[in-house]
Amino acid sequence: MAKLAHAQWSSRMTFVLAAAGSAVGLGNIWKFPYMVGESGGAAFVFVYLLCIALIGLPILVSEWLLGRRGQKNPASTMSELARTAKKPRAWAIVGISGIVGAFLILSFYSVIGGWSLYYTVNSVSGAFSGQDADGIGALFNGMLSNPGLLLLGHSVFMLLVIGIVARGVTKGLEGAVRILMPVLALLLVVLIGYGMTTGHFGEALTYMFNPDWSKLTAETVLAALGHAFFTLSLGMGIMMAYGSYLGKEIDLLQTARTVIIMDTVIALGAGLAIFPIVFANSLDVASGPGLIFVTLPLAFGNMGGGTILGLMFFLLLTFAALTSAISLLEPVVEFIEERTPLSRVMATVVAGVGAWLLGIAALLSFNVWSEPLLFELGVFDLLDTLTSKIMLPLTGLGAILFTAWCLERSSVEDELGLSATGKSVWNIIARYIAPAGVIAVFVTGLI
Ligand code: PHE
C-alpha cells in the first residue's frame with residue numbers, strides 16, 4: 001500500500017468492506033464467545049458493548065481522521081501531524097507501538113488461523129460425524145498436544161498471508177469480502193437456528209443478556225475494553241493506515257457506525273450459535289480458547305447436511321481470519337519498506353517470517369513448553385495479554401488524546417460535519433469520557 005501513498009479507495013463501499021474485513025475475524029467468532037464464557041456472561045457482554053460505543057467508536061473515528069489528515073504510514077502520520085500542531089514529535093510513538101502490536105498479534109493470530117484450517121480439513125474427512133462431546137474434545141486436545149500439526153497449520157496460514165500481501169492483491173480480496181461476509185452471517189443464522197432446536201436457546205439468551213453483576217471484576221472490565229480494541233482493529237495503526245486512503249467526502253461517523261454494527265452483530269451471533277450447544281452438552285463455558293472448536297463440530301456432526309455446513313463454516317472462518325491477518329501484516333510491511341532498502345516482497349517475507357517464528361513459540365506453549373514464562377503466563381497468553389490489555393488500549397488512548405487535545409478543535413468538528421449539539425457531544429466524549437474510561441479501566445485492571 002505504500003506505493004499507493006496518495007491513492008484513494010474507489011468508493012465508500014470498498015472502504016467499508018476493507019475496514020470490516022479487518023475488523024471481522026477470529027476476534028468475533030473465536031475470541032468473543034470464549035471471553036464471554038470465561039468472564040461470566042451477560043455482565044461482560046454489557047461492559048463490552050459500552051466500551052464499543054463510548055470508547056471504540058470515538059477512537060475508530062479519530063484513527064481514520066488522523067490517517068486522512070496525515071496521508072502517510074501511521075508513524076510518519078503522527079510525527080507529521082505533531083509537527084504541524086507544534087507538539088512534540090514523540091507522538092510518533094503512537095504509530096510505532098501500533099506497528100509493533102500488529103506484529104505481535106499476527107504471530108499468535110496465525111496459530112489460530114492454523115486451527116481453523118485443520119478444522120476445515122476435518123469437516124471434509126467426516127471427523128465430526130456422529131461424535132459426542134468426548135470425541136470432539138479428544139480431537140481438539142489431540143491437535144493441541146501435537147506440535148507438528150500445529151506448526152503445519154500455522155505455516156500454511158502464514159504462507160497464505162505472506163503470499164497475498166507480497167502480491168498486494170488486497171483489492172481483489174475486498175471483492176470477495178462483499179460476498180463472503182453475508183454468507184458468513186447467513187451461516188451463523190443457520191447455526192443459531194440449530195441452537196434453537198437444542199432446547200437450550202433460552203438459557204443461552206439469559207446467559208448472554210441477563211447480567212449477574214456479581215460476576216464483574218476489574219479484570220473482566222479490562223478484558224472487555226481490550227477486546228473492544230482487538231475486535232475493531234484499533235490501537236494498531238491499521239485503521240489509521242486505511243484512513244490515509246480516504247476521500248474527504250466520506251462521513252466518518254456514519255461509516256464507523258456501519259462497521260461497528262457489522263462487527264458487533266457477528267460477535268453476538270457467534271455467541272448465540274455457541275452457547276446453546278454448550279448448555280445442551282453440559283460443556284464448560286469457561287473452557288477458553290478451544291470453545292468454538294469443541295462446540296460447533298458437535299452441531300455439525302449431528303445435524304443433517306452437517307458436513308457441508310461445517311466445511312463452509314470453517315472455510316469462511318479461515319477466510320475472515322485471512323482478511324484480518326492481511327491487515328495486520330500490511331502496516332509492518334509498509335514500515336519496513338519505507339525505512340529500509342528492502343523491496344515490498346522482501347519486506348513481506350522478513351515481517352512474515354519474523355511473526356511465524358514468534359508464532360512457533362506461541363504454539364509450543366500449548367504442549368511441550370507449557371510452563372509459565374512470565375507473570376504465570378505462557379508465550380501464547382503473554383502475547384495476547386500484552387497486546388490486548390496493554391498496548392492496544394494505550395495506543396488508542398494516544399490517538400484519541402491527540403485528536404481531541406492537539407488538533408485544532410474547529411477543524412476536527414468541521415471534518416466530522418457535526419451539528420451544534422453533535423459538537424458538544426463529540427467534545428465531551430472525545431476529550432473526557434473515552435480517555436477517562438480507558439485510563440480508569442486500565443489502572444484498576446492492573447492493580
Ligand atoms: N479485528 C480482528 C478480529 O476481530 C483482529 C485484528 C486485530 C485484526 C487487530 C487486525 C488488527 O479478529
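Reply: Ile-428 lies in helix H18, where helices (H or I, at least four residues) are DSSP runs numbered from the N terminus, as are strands (E, at least two). This is a predicted model, in which local features need pLDDT of at least 70 and side-chain atom pairs count only at pLDDT 80 or more, while totals for chains, interfaces and linings use all residues. Residues are numbered from 1 along each chain as its sequence is written, and side-chain values use heavy atoms, with hydrogens and water left out.

Me: Why is Ile-428 called partly exposed?

Reply: Buried means under 20% relative accessible area, exposed means over 50%, and partly exposed is in between (1.4 Å probe, protein chains only). Ile-428 has a relative accessible area of 46%, so it counts as partly exposed. By contrast, Ile-277, which lies in helix H12 (residues 252–280), is at 1% relative accessibility and therefore counts as buried.

Me: What makes the nonpolar surface patch of about 790 Å²?

Reply: That patch is made by Phe-46, Leu-50, Leu-54, Trp-213, Trp-405, Ile-428, Tyr-432 and Ile-433. Patches are made of residues with over 30% relative accessible area and no salt bridge, with nonpolar side chains (Val, Leu, Ile, Met, Phe, Trp, Tyr) joined within 5 Å and like charges within 9 Å. Accessible areas come from the Shrake-Rupley method with a 1.4 Å probe, and for residues only the protein chains shown count as cover. Helix H3 (42–70) and helix H18 (420–446) each supply at least two residues of the patch.

Me: How do you know that Asp-384 forms a salt bridge with Lys-31?

Reply: A salt bridge is a side-chain nitrogen of Lys or Arg within 4 Å of a carboxyl oxygen of Asp or Glu, and the closest N and O atoms of Asp-384 and Lys-31 are 2.9 Å apart. Asp-384 lies in helix H16 (residues 379–406) and Lys-31 in helix H2, so the pair ties together parts that are 353 residues apart in sequence. Both Asp-384 and Lys-31 are buried.

Me: What separates Glu-413 and Arg-409 in helix H17?

Reply: Glu-413 and Arg-409 are 4 residues apart in helix H17 (residues 409–416), which means that about one helical turn separates them. The closest N and O atoms of this salt bridge are 3.5 Å apart. Glu-413, at 11% relative accessibility, counts as buried, whereas Arg-409, at 42%, counts as partly exposed.

Me: What makes the link between Ser-155 and Trp-356 a polar contact?

Reply: A polar contact is a pair of N or O atoms within 3.5 Å; within protein, one must be able to donate a hydrogen and the other to accept it, and residues adjacent in sequence count only if both atoms are side-chain atoms. The side chains of Ser-155 and Trp-356 are joined by such a contact of 3.0 Å. Ser-155 has its place in helix H7 (residues 147–167) and, at 18% relative accessibility, counts as buried.

Me: Which polar backbone atom lies 2.8 Å from a nitrogen atom of the ligand?

Reply: That atom belongs to Phe-230, a residue placed in helix H10. The protein covers 100% of the 320 Å² of accessible area that the ligand has on its own. Phe-230 has a relative accessible area of 7%, so it is buried.
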